[in-house]
Amino acid sequence: MVSASAEAPEPAAPFGGGGLVASESPALTRLRLDIAYDGTDFSGWARQPGRRTVCGEIEEKLSAIVRTPVLLTVAGRTDAGVHAAAQVAHVDVPTDALPDDPSRMVRRLARFLPRDVRVKSITVAPEHFDARFSAIRRHYEYRVTTAVYGADPLRARDTAAWPKPVDLDAMQRASASLLGLHDFAAFCKRREGATTVRELQRYDWSRSGDVLTAHVSADAFCWSMVRSLVGAALAVGEGRRTVEWMTALLDERERAASVAVAPAHGLSLVGVDYPADEDLAARNKQTRETRGPIARGCC
């Protein structure tokens, strides 16, 4: 797995002011961007010198359009090879650099962005909106095929191959046993000073022919967590591990060497939930009080 390099936290400036004295800086408007991308040829979301990243591509093109440097803050940083159908980011832009209708920039960005990343919508964000700190839930899906020939060529970029029979019922039981508020240290790459306590709100599987899809939702995810959850469930499905083994991992306080990390390309961020506008400020405060340093990777 190639993960994002450590760097300074992404900007989270106060809405509309950027933290500067009004007389010294232009008025700012916060925009919400809804984004989709094929992560295959990116070194993840986060900007990295000398590497092609999703953040870097969008910042470069958007900065050219508004004629001033901009920095994005994202709901969930994704690692190299991970995709997104519904990523969310925000950006503070000088108000006088914007068209009357910011949504008009979607068409302009479509002309300049590469084919594997799209900004699907741009809207003026409500007061106190923060793509990262306001989020109350992230949703991921992981696609894997058990077909003996591997992934269908038309879906090979977002479907991992696991050409072995699996017991889906056992995988369902093992996954369900992890639901709730727990310390997921056994499933996470360790970051100094960061918590591994998360509330896993959904973890189940569906089948369509040879394709299995894991549906995973939580308030937030620590680094490599989703792919480790998938790797552990597949080990149970194959019969190499038991349901009880997977449940017992919640008692571990260190990364478990017995848990394999599933390949990145099967994973996609498919949704981010936010509270009602009037609850955004309270959510930001709550998240800042309970989260550790910004993550290097998502999942």
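Which residue is the bridge partner of L31 in β4? The views below take up this pairing and then the cysteines.

This is a predicted model, in which local features need pLDDT of at least 70 and side-chain atom pairs count only at pLDDT 80 or more, whereas totals for chains, interfaces and linings use all residues. Residues are numbered from 1 along each chain as its sequence is written, and side-chain values use heavy atoms, with hydrogens and water left out.

**View 1. Strand β1 and its pairing with β4.** Strand β1 covers residues 28-37, where strands (E, at least two residues) and helices (H or I, at least four) are DSSP runs numbered from the N terminus. Seven bridges join β1 antiparallel to β4, residues 117-124, with two strands counted as paired if DSSP finds at least two bridges between them. The partner of L31 in β4 is V124.

**View 2. Strand β1 beside β3.** Antiparallel to β1 runs β3, residues 83-94, joined to it by nine bridges, and L33 stands opposite A89 of β3. Because nine of its ten residues are buried, β1 is largely enclosed by the rest of the structure; buried means under 20% relative accessible area, exposed over 50% and partly exposed in between, with a 1.4 Å probe and protein chains only.

**View 3. The disulfide between C188 and C222.** One disulfide is found in a search of the whole structure, the term denoting a pair of cysteine sulfur atoms within 2.5 Å. The sulfur atoms of C188 and C222 lie 1.9 Å apart, and the pair links distant parts of the chain, 34 residues apart, with C188 in the loop between β7 and β8 and C222 in the loop between β9 and α4. C188 is buried at 1% relative accessibility, as is C222 at 4%.
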